[in-house]
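Take a look at the structure first, then read on.

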Amino acid sequence: MSSLAVTPLVLVLLSAAVTFLWRGLGAALASRIDTEGTLFRWIACVSYATVAGLISRMTVLPTGEIAETPLALRLGAVAIGFAVFFLAKRNLLLGAAAGAASFASGLILLGS
């Protein structure tokens, strides 16, 4: 074994130092970011557009097992999801969960 071999303890300490360095830099930079700025509003809009596109694709042009389900069931689940989204003050998680739960309930009722 060479004399330059690094012990596991040194590797763990070096890894921890590098990790804490990046975390510290991230914390220092995060305090200077304006979350109400134009860039973050644009990122939020792109996120909502991506989710809307995925939901539209899965509803209108599904593939696989979802394609076997009735279109009315898929559209109804999306409508329920949107209703819950707006009633819950634009909570995306609650809207998506309500849509998925209504879709699953519809499948159970239809016996699929």
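Predicted model: local features only at pLDDT ≥ 70, side-chain atom pairs only at ≥ 80, totals over all residues.

R90 sits in the loop between α3 and α4. Its phi is positive, about 60°, although R90 is not a glycine.

K89 lies in the loop between α3 and α4 too. Phi of K89 is near 60°. That is a positive value, and K89 is a residue other than glycine. Most residues other than glycine have a negative phi. Is K89 buried or exposed? K89 has a relative accessible area of 77%, so K89 is exposed.

## How α2 meets α3

Two packed helices are described by the angle between their axes and the distance between the axes. Take α2 and α3, where α3 spans residues 71-87. Their axes come within 10 Å. They cross at roughly 155°. That angle is over 145 degrees, so α2 is roughly antiparallel to α3.

Which residues make the contact? On the α2 side they are Y48, I55, M58 and T59. On the α3 side they are L71, R74, L75, V78 and F85.

## A nonpolar patch on the surface

Six names belong to one surface feature: I33, L39, F40, W42, I43 and V46. They form a nonpolar patch. Together they have about 560 Å² of accessible area.

W42 is found in helix α2, residues 38-60. W42 counts as exposed, because its relative accessibility is 55%. V46 lies in helix α2 as well. V46 has a relative accessible area of 35%, so V46 is partly exposed.

## Distances in sequence and in space

How far apart are V46 and A101 in space? They are 25 Å apart, C-alpha to C-alpha. In sequence, V46 and A101 are 55 residues apart.

A second pair is A27 and I80. They are 53 residues apart in sequence. In space, A27 and I80 are 39 Å apart, again C-alpha to C-alpha. A27 has its place in helix α1, which covers residues 8-30. A27 counts as exposed, because its relative accessibility is 52%.

Note on methods: Residues numbered from 1 in each chain as written. Heavy atoms only, no water. Patch = residues over 30% accessible without salt bridge, like charges linked within 9 Å, V, L, I, M, F, W, Y side chains within 5 Å. Areas by Shrake-Rupley, 256 points an atom, 1.4 Å probe, with all protein chains shown as cover. Salt bridge = Lys/Arg side-chain N within 4 Å of Asp/Glu carboxyl O. Helix = DSSP H or I, 4+ residues; strand = E, 2+ residues; numbered from the N terminus. Buried < 20%, exposed > 50% of the residue type's maximum accessible area, 1.4 Å probe, protein only. Axes fitted to C-alpha atoms, helices over the stretch in contact; angles between N-to-C directions. Parallel < 35°, antiparallel > 145°, perpendicular 65-115°, else oblique. Contact = heavy atoms within 4.5 Å.
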